Amino acid sequence: MNLRIKSIIPQLLTLLFVVAVIGFFTINAQLNMEERGIDFGYGFLNQESSFDVQFSLIEYDGSHSYAKAYLVGLLNTILVSVLGIIFCTIIGVIVGIARLSPNYLIRNTAAWYVEFFRNVPLLLQIFFWYYAALRALPLPENTEPLFGVTYLTVKGYYIPRLIWENFDILIYSILAAIISIIFIRNYARKLQEEKGQQLPVLLISVGLLLIFPGITFITGMVQLDVSLPVLKQLSKTSFIYAEGISVPPELIALVLALSLYTATFVAECVRAGIQGISKGQKEAAASVGLTPNQILKLVIMPQALRIIIPPTTNQYLNLTKNSSLAAAIAYPDLVLVFAGTALMQTGRAIEIVSITMLTYLTLSLSISILMNWYNKKIAIKEK
Amino acid sequence: MININILKPTSSNFQTYLYIGSALIFIGIFDVFLRSFFNINYLTFLPDSLNLFFPLIIGLVGLQMIRLEYSGNRIVDKINQNINNNSFNAGLTLIIIFLTLLVIPPALDWMILEATISGDTKEACVATEGACWTYIKVWFRRFMYGMYPNDFHWRINTAFIVLIAFAFVGYFMRGKLKNYITFYYAILYPIIAFIIINFLISGGSFGLEWVETNAWGGLSLTFIVSFFGLIFCFPLGMILALGRRSELPIIKYISIGYIEFWRGVPLITVLFMSSVMFPMFLPSDAFVDKLIRVIAAIILFEAAYVAEVIRGGLQALPRGQYDAAKSLGMGYWKMQIFVILPQALKLVIPGIANTFLALVKDTPLIFVVGLSEVVGMLQMAKTNPKWLGYAMEGYIFASILFWAICYAMSKYSQYLELKYKTER
């Protein structure tokens, strides 16, 4: 009896405290809203937004609803995050491996890169790229082409636009290739288990992925047109490149800063993962007669990935959350479009901030649930 | 038997190879050196692409010629081990050396040789192509103290000196006083700090003029925000970590909910909330200062991260520690305070240091609510019509500043880690 009371009292007190805090806030919010004559509700999402967004992946202008504006912001956030994740993984893996290089100069260059970029605030880095580094680029009319067809200018990066014909057939052909690869993999595993023979699965997979779409091109079912960026005069002194795709400088600065910053953390994860595998594993694998490639593929990587992936996913999540700093350089992401412009126009602070936070929360929680599931799946099963 | 690979030295002919090899490496490096420092290229007779890659090729050949295990020459052995163990590494080595040589002259020119620091106006910088450190010099006080009135800067300085002095009190607590050291740092010191900052920096009494928080800024604001953030998020995080590990279901789930919520949202939206949404949650006549709101938001946010780090430490302790403490008849709090937490915290020093670093690096985000610390002041200075076009200098200055602070913090954490390391 005594014990039960002892365990119930603190719980009750905590619950009371939480309820009291929430209740206090809710009552105040209600009073405040009554006073200002605002009613709580999400009906405003269907209203006309009447503001423009500079950079949007989907068709959008002022005549669309606030809900559409939210979607525009969300897509822009996802675009930055995906690009940042791709680049930070590439840089991070290279730097992480370089930090373990036997070469003194490489090792230390990588270490200095990590030490410097992780100790400077991300916001400062974004400002640096956007206001200092990218502003030093030439104007469109003076730009030399990069790789022949792309133009890196102060107004953005202009790349050719690809115009596909029958794009869906290409997708189907890739899908067909993937399905056949899965079949071949299963067959190869069976062969390996039954007869001990090995098929060059990787080579076959790459070959299939090239051949299937290739056939669609050769037979003329799918056609690809490229429209190159062309210099166009807007007024006497103002030029842009038309026809191609223009990547705004905000996006470039953001992706650069995010990927260079997050790459330092990814590099540390990679290094920890590789260092976390004892030398004995490698030696044991070699002593049972595996080739160096097989050692890497069958012994080192599965174990290293077990250490690397969870913290790296955490970094990807951080990158996604950090992409909200886009608001500082006016890249129209979720925070700027929705929690910024839309909030200013409607004045619905509680609704909009809660939607924004819930969006990020859903994103984070779903990825961490996925991660926990993955962790459980790959965890070493001990008896 | 004839050695087919003429580039491969053997121990018998190594001397010759060493001379030729070092000469080739020297030629390669010297060529790049001349090109970058004096802009002389004595190889213009070669075709363009060959001209460009000549130093690399000749350097690779040279490094190849001196690569021999146990050559007998200690310096060569060291070079071979560290930067020349195979062709790939040799190539990377050369590329790094060449890049350094190519980068040094323009960087040196820009940062030091052609830079100006004299004068008090922009005119001093117009003539040169180099960096304009005059800009930093003129704006230095703003970067440090924000819009705080110039005459009162001594107040900020005094406040910080007093705060640092109080921070060292713990070192002089000997004997019986030593028992109160945690109490002092956890409870007394924050109160003292708040009083000092309230009366000295904010003013309003004792004949000191009131300076509103909007005027605060620069590095001093960074320090104030991170200082209170660090002091308060640590105990809150500790309680949350204990709560998450608790056996009482309600406390456990409230803690989990709290931690996961704050870890799931970006700080910038939290600050948005504190500035636009939070006033709606208060009685209409209540007013909380912007700075306090921001600091509270940062504390609540970072506490969740600290809690997760401490939880890692708690989980790493073996069960035996809990059982041993319980068998001595210790209650929950006694066990946590005297047995579990001291060991757990020791384990997670690096993690806590990382969280604190993140907090310091997150302070620039307070621009969202209109407060400007160093980075915010830079943005303000950059758009000043009298000083347009010197963004680069400002960013470099601020980067070095933040880098120094964070680097010092991480070095200190490494020192603490070593100091409290115990063998298990």
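**Note on the predicted complex of chains A and B**

1. Of the 383 residues of chain A, 29% are buried. Buried means that 20 or more other C-beta atoms, placed from the backbone, lie within 10 Å of the residue's own.

2. This is a predicted model: local features need a pLDDT of at least 70, side-chain atom pairs count only at 80 or more, and totals for chains, interfaces and linings use all residues. Residues are numbered from 1 along each chain as its sequence is written, and chains are lettered from A in the order in which they are written.

3. Confidence comes next. The predictor gives the complex an ipTM of 0.86 and a pTM of 0.86. Chain B averages a pLDDT (the predictor's confidence in each residue, from 0 to 100) of 82. In chain B, 97% of the residues score at least 70.

4. Chain A has a radius of gyration, taken over C-alpha atoms, of 27 Å. A compact globule of 383 residues would have one near 21 Å, by the rule of 2.2 Å times the number of residues to the power 0.38. The C-alpha trace of chain A spans about 85 × 80 × 45 Å along its principal axes.

5. Chain A holds 11 helices and 7 strands. These are DSSP runs: H or I of at least four residues for helices, E of at least two for strands.

6. The contact (C-beta atoms, placed from the backbone, within 7 Å) takes 47 residues from chain A and 42 residues from chain B. On the chain A side, α1(A) gives the largest share, 12 residues. Other elements giving two or more residues include α9 (292–322) and α11 (349–378) of chain A.

How values were computed: Buried ≥ 20, exposed ≤ 12 C-beta atoms within 10 Å, placed from the backbone. Contact = placed C-beta atoms within 7 Å.
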